[in-house]
Amino acid sequence: MTGRRRSALAFVADHATFLALAILFLAPLVFIALTSLMSADQAGTAFAWPTQWHPENFAAVFDKLPLLKYFGNSLIYATLATAFMLISSVPAAYALARIQFRGSNLLFLAVIAMMLLPPQVTSVPLYVMWTRLGLTGSLWPLILPNLLGDAFSIFLLRQFFLTIPKEYTEAARMDGCGELRTLLRVILPMARPGIAASSIFLFFASWNDYYGPLLYTSENESAWPVSYALAQLRTARSVDWNLTMAATLVAMVPVVLLFFLAQRVFIQGITLTGVKG
Amino acid sequence: MTKRTIRRRVLSGTAAAAVLTLGLAACSGGGSSTVTAAPEAPDELSGTIQFWHFFTDREADVIQSVVDDFESQHPGVTVEVSAGQDDQKMRQAIAAGQPIDVGLSYSTDQVGTLCSSGDFVDLAPFIERDGVDLGQIPETVQSYTQFDGVRCTLPALADVYGLYYNTDLLGAAGYTEPPRTLDELSDMAVDLTEYAEDGSITTLGFMPLLGYYENAESHWGPAADAQWLNEDGTSAIGSSPGWETLLEWQADLIEQLGGFEKLSEFQASLGQEFSAENDFQTGRVAMNLDGEYRTAFIADQAPDLNYGTAPFPVAAGSEDRYGAGYITGNIVGIGKGSTNPELAWAFIKYLTTDTQAQVALSNGLKNVPTMADALTDPGLEVSEQFQTFLDIFEDPNSQTTPPSRIGPEYQTIFGTHTQKWQSGEVADLTSMLDQVDQEIDAAVQLQAG
Amino acid sequence: MAAAPVRPGAGRSPSVAGQPATEGATAHLSRSRRRRRELVALAFLAPALLGMLVFFVFPLVMTVYYSFTAFDLSNPPRFNGLANWRYLFTGDPLIGTAAMNTLWFVAIMVPVRIVGALAVAWMLTRARRASGLLRTVYYLPALIPPVASTIAFVFVLNPGTGPVNQLLEAVGIDPPGWFTDPAWSKPALALLGLWVLGDVMVIMLASLLDVPTEQYEAAELDGANGWQRFVYVTIPHMAPILLFALITGVIGALRYFTEPAVASATAQGRAAVGAGTSTLLGWPGNSTLTYGQLLYSKAFGANLLGYGSAMAVLLFVVTAALMAVLLRRSRAFTPEVAS
């Protein structure tokens, strides 16, 4: 009995900072959760504790919006985008990190430069292009570009590849491996954390992308992802905050689960270079 | 030259050519439409049209019910609705060539561009051919549906602004009538304001700060007959005495109520405008400028509130204008890529001139109908407080903000200066207004090219 | 795959184009090896190169073109020479404020986020139990859609009724106005940025866990203490990731748009989904007006798309120069891992 109590206290003491931080980090999320259980009248007011509890808000969200269909769209968007990104960006990042060729620095600078153009303006000519191709009203204008690389991911992957000691690639080359085999057999297994990190990044960025679907799918309700559907629980003037927050929480559940599972994979997947602590 | 250099040059040349081609291909958007009225209206309507509008959720349902009515009246006709489309998306789609037949814009901001570019086609031939009586629409409303002589839109529903006052709070201070002039408003505001022990405001009579809820220069303008733009689109703000009157009145009231800092503190704790915690609905503020839609929110969120509505008070010297207010609204037009313009026109006519459609829209959306017949239709749900807004709507002195090629930018520019004025950072009002003129003219000039 | 035996040093090519390698006999070998390497690199990079052409060069060319025109999106663009550029440098009254505000976020919010993320990641490497759960908790805010998280944050920091200010008052501190006070609105946004540091934290954590234990052990044997181990072993190994965080942080700060727009609207009482342009930008007092918001307002609110394009080109040029400097400096910072 005393043993268990002591270890509980010890746990708290050991992890006091963690717990304090965790409370700070969770506070606004608690606000979101409380709002999702409020009446429509109380949502949007400053009084944070629901005077009446309305768990039926969650059912109402599913009633008003065909969320499962939208989840499907989000899943297609995020998964395909990530898969396409990996196919195109991993080799590109590897080339920039470990293959010495003329112009590689310039090209790397160009990759970064791709991220410097404000998307609001660059979307104008691209929107016309996609309209000409007849692909507006769908998620394809958002998914397909990843087949041609994603600057952010190329950058991140390159940096991760750089942290893998050169000796490994040089040894592989000495053994007579070509670049492709080096990449697949030597680098990829060691770069699992980096690949997982960049996959997670793009997956979640696509999952939460609002402006992309606003531009390309808003007119076609069957193509809406969840992130866009969240914004539909409103009238011209006011937003149904209780329902919107409920929908937000529902939209987050799959990605939180996914993260919880994925982070074990990539954190625990570091075997070759040793685990710290 | 080595083979490598040649290869590189060829590659970069091809790349450049590809880019140019793509650019030209993309660039060749725009161009005028060939959509216009047929010589005779068709006997029977058929086909499908794309209808884009801004509403969502239950308001979209209201629109859908009107669409359903139209479809049932014309079997063989389908209206495909895309809800939740804002102005920018709509214009971008039209500019890229998407075949939108009917577009409903939530505000009048883009009428200038829509008409001047032909994104919405000129409706004059349709109006003439079918003998649509524009006299049913107030002149002010007519003015915000056209630009530079081209009428490319018709009004769907309107928003009207006036004064809301808490009859309980007014009664407790001995007032039975709302203020009719700005001076009266100031006196009553000071009288109705209560302070806590530390000097901060607990109940405010009237908030003079712009940016608080619906306090906007555009909404105050009609109180002093203040003008925005000249005929040629340049700024009329500096030359219109109404603005000086309004801003001096504002500065005076800020002073009387305790100063900018105190009022800012009060504003920092305001309740979200469309939540149940709206300051007027909770009685935190006794009088407030707001639109006709507020009656619906009060009925829904604060049914026990005792309140009245009245036209917004007018400035000294403009007493004969009492009864007027600010009007704006939704507008609807035919997209230049329309594949079925006659059906699109029939639908627009239905939305904007059919009494039953107007009444249904007004009852559902709680906005003001724009057709005179609909205003007096017995089916229109009108509460005592809502009637005020119908009266303001029909008042000939009511005003709106004129369409411009730079959209609402002239209001935004003015706003950056009034923010400084009300915080006390501006010493010379006249030169500030001249500065506003200059900045607006520069923006207009930049757009004109 | 090369059939000839590989000699040490033969894998490295001379950096000058076209020059022959050291000896006559090996010159042919290393040149063909170099060419093969370059072809492989080209093959690996081909999709990205094509993507660069379509999604970067093409919009860039169009944007530069638009910057010399008067363009309102609906009418075809009309050439107007340097008018937009003149307005950008001499005419626009808000450009200075927008630029300064944006630089504030670059100079303050970015380093704060990086240091914070590193600190949290470092702490997480020491967590013994429930580390997976804690990681998820710290990452959670970054998973919330930005509009919802910003609104929640503004409500939590409500000056009158928010829990933070109520707590501060209970402790006897006079609390600031946060998003309603021009002096505190930017720091409040920086706090919001700190709250969502999960995304940066996760990659820092991955990198931290990647540091080889042998290096720590070697350093300890050499007599290095904890702090010295951190500075001389951990940081250098994390350098590429730190650089990544710095560069993407700066890029994000230069583009900062959604959070300040939503926070400003919510603080004014008009919380809405999607950042509109109808409320006062940068309220209160233009304090949170960022370059991105101004660009959006001018391009799509005022229909000055040509001018907006000029703003975009200026942003691009300035930040490209900044990136070039940062990357050059980074080579000195990371001698053994830089390419």
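**Note on a predicted multi-chain model**

1. In chain B of this predicted model, 75% of the contacts between residues at least 6 apart in sequence join residues at least 24 apart. The chain contains 19 helices and 12 strands, and 52% of its 449 residues count as buried. Its C-alpha trace spans about 85 × 70 × 40 Å along the principal axes.

2. Helix α10 of chain B covers residues 241-257, 17 residues in total. From first to last C-alpha α10(B) reaches 25 Å, close to the 24 Å expected at 1.5 Å a residue. The buried positions in α10(B) are B:Gly242, B:Trp243, B:Leu246, B:Leu247, B:Trp249, B:Gln250, B:Leu253, B:Ile254 and B:Leu257. Viewed down the axis of α10(B), these buried residues fall within an arc of 155°, so they line one face of the helix. The spacing can be read against helix geometry: an α-helix has 3.6 residues a turn, so residues three or four places apart point the same way.

3. Which elements of chain B cover the buried residues of α10(B)? The cover includes α8 (182-192), α9 (217-220), α11 (260-268), α18 (409-422) and α19 (429-448), each from chain B. Just after α10(B), B:Gly258 takes a positive phi of about 125°.

4. In α8(A), 12 of the 12 residues are buried, so the helix is largely enclosed by the rest of the structure. Among them are the phenylalanines A:Phe152, A:Phe155, A:Phe160 and A:Phe161, and the buried set also includes A:Arg158 and A:Gln159.

5. The contact between chains A and B takes 27 residues from chain B and 22 residues from chain A. On the side of chain B that touches chain A, the elements giving two or more residues are α1 (3-27), α2 (57-73) and α3 (87-95) of chain B. The largest share of that side, three residues, comes from α2(B). By residue class, the side of chain B that touches chain A divides into 10 nonpolar, 12 polar and five charged.

6. For chain C, the domain assignment gives domain 1 (24-66) and domain 2 (94-333). Taken over C-alpha atoms, the centres of domain 1 and domain 2 of chain C are separated by 34 Å.

Note on methods
Residues numbered from 1 in each chain as written. Chains lettered and ligands numbered in written order. Predicted model: local features only at pLDDT ≥ 70, side-chain atom pairs only at ≥ 80, totals over all residues. Helix = DSSP H or I, 4+ residues; strand = E, 2+ residues; numbered from the N terminus. Expected span 1.5 Å × (residues − 1). Buried ≥ 20, exposed ≤ 12 C-beta atoms within 10 Å, placed from the backbone. Arc of directions from axis to C-beta. Contact = placed C-beta atoms within 7 Å. Domains from an automatic or database assignment. Nonpolar A, V, L, I, M, F, W, Y, C, P; charged D, E, K, R; others polar.
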